[in-house]
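Reader: I'm new to protein models and I'd like to know where the words come from. Could you take me through this one, term by term?

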Amino acid sequence: MADDFSESLTPPVSPFATDSQNDLACARPPCFCCSEVKDEALSTDGYISRGSLKRLLLRLDPAPTEYEKDTVEIFGFPWVTETALVESTKLLFVALLTFLHYEAEDLRQQCVWFLQYIKVFLHRFLEPSVSLDAAHPHPYEELESQFPSALLEELFSITLLTGRLKDLPASVQSSFCIQNHGRILPPSWHLLHLHLDVHWSVLEILHTLGQKMRGQVVYAHQFVNLTGENLTDTSLFEEHLRALLCDLTGLAMGKYNKVRPTDALSSNHYSCLCTKELWVLLMHLLQHRSKVLRTESFWSYMNSLLRPLVSGKPAAENSSGLPSHCKDPVGFTWWLITHLAMLGQYGRSGTGLNEKHLGHNWTFVEELLRLTCSPKDGLAEEQVRMHVHCCLSLCLLWEPSTSAVSVLWDYYSRNLNGSFIVPWLGVSGLGTVCKTPLALLEQARSCCAPSPLCSPGHTQLYSSANSFHIFLRVLALCLSQDGAGGVPQRQIKGRIYSKFSSKKMQELSETGLLNFLLLFLVVARQVELEDVANRACDLLSLLPSNCPPSHRTLVWRGQLSLLLLFQRGLDVAARAEWLAFSFSETAKEFYNKTTEVSRRLALWGPLGSYLEGVAEVFETSPSLSLSEEKLLSEGFDWLLPACRQSELNSALGFLQTVLAQRVHQRSVQSAPAPVWAPTTANVIKERHLVVAAALWAHFFPFLHSLRLSQTPPAQLADAAAGFTLLAFDLPSSAPQDLQPHPVQSIMQCFGWDDMVQPILVTRYLPHMLQNSDLLSSLSSASAQSLSVRSWFRCVLQQHLHKNQDGTDSRALAEQLSELTRLVLRLPEVDALLQRAVGTVYSQLQLLSERSAMVTRALDYIGDILKHIKPYMVSRNQEGIQLAYWIVGCVVKHWSPLLATSKAQQLLFRLVDGLLLPHHLPQQDRALRDSLPLFLQGLSVASSVSQLQSSCLKQQLCSVIHRYLDHFLPAAPSMGVVANHPVLLGACEAAPTPQGASLRRTILEVERFLQFKSRAPPPRLSSVLMFLLELLRRNGDTDVSLLTLPLPSLLRCLMLVNEPQVRKTSTDALQLVVERCAAAAAGGPCMQMISALRSFVEENEGVYDRQVYGVLETVAILDPTVVEALIPSLQLPPPSTVFMLSRQ
């Protein structure tokens, strides 16, 4: 080293100098550093973030605040700042080359510091060399004039020493992959990033050198003299640049070999963030040189590097070195160009991700497109999809290219029938299945509004859309760039139209037809709608008339999608008429009885699709004033009668949608019309009348024919309700047979007719009764009475029809609950709940009011026996039990009303039909539950009737006699007797006149405890048990009522010796005697005395001993009665007289 320093005019100060002499603390210069970088952001210590790039391009001082002192410390030694590089060029670069062999962080920083010093020195102190006129110039001047050449030679030496990035050992290159850096980085990482610093600094120094020399070419004189080859600053810059670009491209190629197509846009091409920054630095440097020095642009360098790769030709000498193993050269090139274009958004300061700092490269990309779309290569969908995805990304980054769209369209026009499926993607690669016109239009809309570049919707497009759908996004972007009628738009439209001929249309498969429709929908959305729609319809008319139903489905779906687009304000009459005619022809074939079942099933595909599509047209229509009614053609006259149950449900659901949308549009017709549709309210109303006329003509007759069906469709009621509201809203639109009151006529057909099934009525009427406006128009008493009558019938017949799974019953129960709630809110019924009708009637004073009340009540229940008859015929146990209970409630609570002359005939029919038929039905459970209601009601009716009291009384006695005997057990059983329906009907907690009247009638029933001679009645024990319970459960105090069973009880005690009979008789006798005594208020009960006297007179002389035995029993219970009777008795036996007197 001593020899090296001997010729230095400015030798370094000793490294052992004092600290005061070497206080050379300096800021850390910018360098490549990604150890602390997160979220893809550029390093804050890098060349871009520190402003180094910006200063380079603006020709500013690289480090304006550094190297300001007279000396600068480099490689541990202080040097004179202004002269060190000129005087010690060789020495400093030897030190640099020596340090490049080390891997320590401190040594790397010293190298970077020196490189930064070179840049500063060039900017501050280098001037273009001039000729030396003096004979003996100063030695420094000689060195200064030779400095550019010497610097060039030293830079060349550095490039030779560092070599290429691709030639670094694998252990060093592996540092690119270090993740989650620790606090201490390995030496290999520092060495690798030092190489990046050197490669960039060489380019930066060469660029600065060229600027400072002001166009003078710098030659490496010593190198030229030794080798005979020219080496200039420009040639070294070009050689080093191309080598660096080649190495970076090779690193990206290594990454691409591990990238799946689905992750192409989310997987970056750079190995670490430092290489990302290096790419950005190169882009801006080359773009700047291209503008200022008229050199090649960044894309020009990359194209010359990549073109041989994709063409398969050997690379040029100046761009050699790319790896020879690339799994997909064309795909790699697409991927790299796309990611480089994304990096072009970065500005000189590392910001501006949405800006376009790098120009487009469409010329080379169009070459790639031709390779992708070449029929000779025949790339698979998985490759084409990724290439087109990259093309879409470039369209979002640059201005879309008409030429690129043309190349793509040439490819897809040849492959329009392709399915564009990637097998290994599975279901996710199949794309969206558009089952309705609106879904098809939504897919077209999504193609016309691509997701932002870096959003998940864009990066994941490979998995969610096929290459054709991605192409449509490219097409939409290109069409949206120009105003309406622009030259590129006309060119693209012309190219699209020219590819379709009659032969081409007939060759379209189902997939091809779907792609055709989606293509024209995208074009129609972006440019002239009417022109594109007309051309699409003309082309669709070229399809064969006998095309498969699946093709017809797609054709109609596409046509309806165009109609949805027409709702921007264009009349749809022409298109709708064409569609309606095609639909009618298909519906006729569907209706034809000779059509095979398989053919009918296939035809339902387009027919059902038509229903869905027309429903969407009506749902999305802003005013129903664009001739949408043309879609409601006579085809429905053929379709509806031919539908099976499931198909009919779909048709009725469609009808409800149309009806509901019409009602909605009528409700908002007063709103201001849109600017593009200046139609008046009168015009809109006229259009609504036309829509209503189509609905009445093609749908209502079929609904009317279904109303008496035994199994009406569930949606029939909803559709009928829609027509009722239509008649209410537009009464003049209803057909003549419903006039002059169309609402009442329809309600009579579907809600008030007794022939209509309850399942239909209970679903229909709630629609009507919950509409306040319609309800107010039905304020007449007859309309409300008919509604109540229908509700009452539905309650009665709710068990008439029931599926095995009970679905109908559950649905009917829910509907009936809602109908009940609404019926009870009717003004006429508000105060007349079922259980209060009799009370309300009793409170009326005027005869006319009572007569009107009876009429209303009879209207409510209608022909109740007719409603019940189906239960009896089918022996439906649930229905019979419900019917008996409801009629029992009516008889009990409406008894004052039923006793009138108007209603008695109904009461007689109810009793004769339900309680006194010729053959007693086996309905014990229903009778047990309802008989008490019948008995109580009949008892009240017989007591209030003035005209036919005897007839009602006789019916009551007949019912009591029949069922008293019917429900008595053969053997005495307290449990059975206690629940006897006659007993339950006669018992009450507190005695009332009505209850006492019923109990009197029960006790007066013929043959009740009546003996035939000495023979007791059958089942005497059970009868006595019944009597005992009747007396025990009721606290009667009426002596005339209590003494009614007394003769029979005395006779039982006299003639029957059975212990059970005697005990029960005695208990009953005791109750009678005690209550009579209590009623007599301390004296003897005269009715008791009279009954005992009659008993003695009838049996004295025949059963003397037994008679006096009975009297002894009575004397024990009430001595005063027997004492009052003794004077009238014949002389009894002495013992009896003694006993009677003792009592």
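Reader: What share of the 1143 residues in the protein is buried, and what makes a residue buried?

Author: Buried residues make up 53% of the 1143. The word means under 20% relative accessible area, while exposed means over 50% and partly exposed is in between (1.4 Å probe, protein chains only). Keep in mind that this is a predicted model, where local features need pLDDT of at least 70 and side-chain atom pairs count only at pLDDT 80 or more, though totals for chains, interfaces and linings use all residues. Residues are numbered from 1 along each chain as its sequence is written, and side-chain values use heavy atoms, with hydrogens and water left out.

Reader: Which residues of α24 are buried, and why are they said to be on the same side?

Author: They are Leu529, Val532, Ala533, Ala536, Cys537, Leu539 and Leu540. These residues cover an arc of only 160 degrees around the axis, so they lie on the same side of α24; the arc is that of the directions from the helix axis to the C-beta atoms. Among the helices they pack against are α21 (487-498) and α23 (510-526).

Reader: What makes Arg909 and Asp863 a salt bridge?

Author: A salt bridge needs a side-chain nitrogen of Lys or Arg within 4 Å of a carboxyl oxygen of Asp or Glu. Arg909 lies in helix α43 (residues 901-915) and Asp863 in the loop between α39 (847-861) and α40 (864-874), so the pair ties together parts that are 46 residues apart in sequence. At 41% relative accessibility, Arg909 is partly exposed, and so is Asp863 at 30%.

Reader: Which other pairs meet that rule?

Author: The structure holds 33 salt bridges. One of them joins Arg999 and Glu988 at 3.1 Å, N to O, and both of these residues are buried. Another is between Asp167 and Lys166, with the closest N and O atoms 3.2 Å apart.

Reader: What makes a group of residues a nonpolar core?

Author: It's a set of buried Ala, Val, Leu, Ile, Met, Phe, Trp, Tyr and Cys residues joined through side-chain atoms within 4.5 Å. The largest one has 375 residues, and Trp200, Phe516 and Leu632 touch the most other members. Helix α8 (residues 187-212) gives the most to this core, with 12 residues.

Reader: What is Trp200 in contact with?

Author: Contact means heavy atoms within 4.5 Å. Leaving aside neighbours within four places in sequence, the contacts of Trp200 include Phe32, Tyr47, Leu53 and Leu278.

Definitions and conventions. Helices (H or I, at least four residues) and strands (E, at least two) are DSSP runs, numbered from the N terminus.
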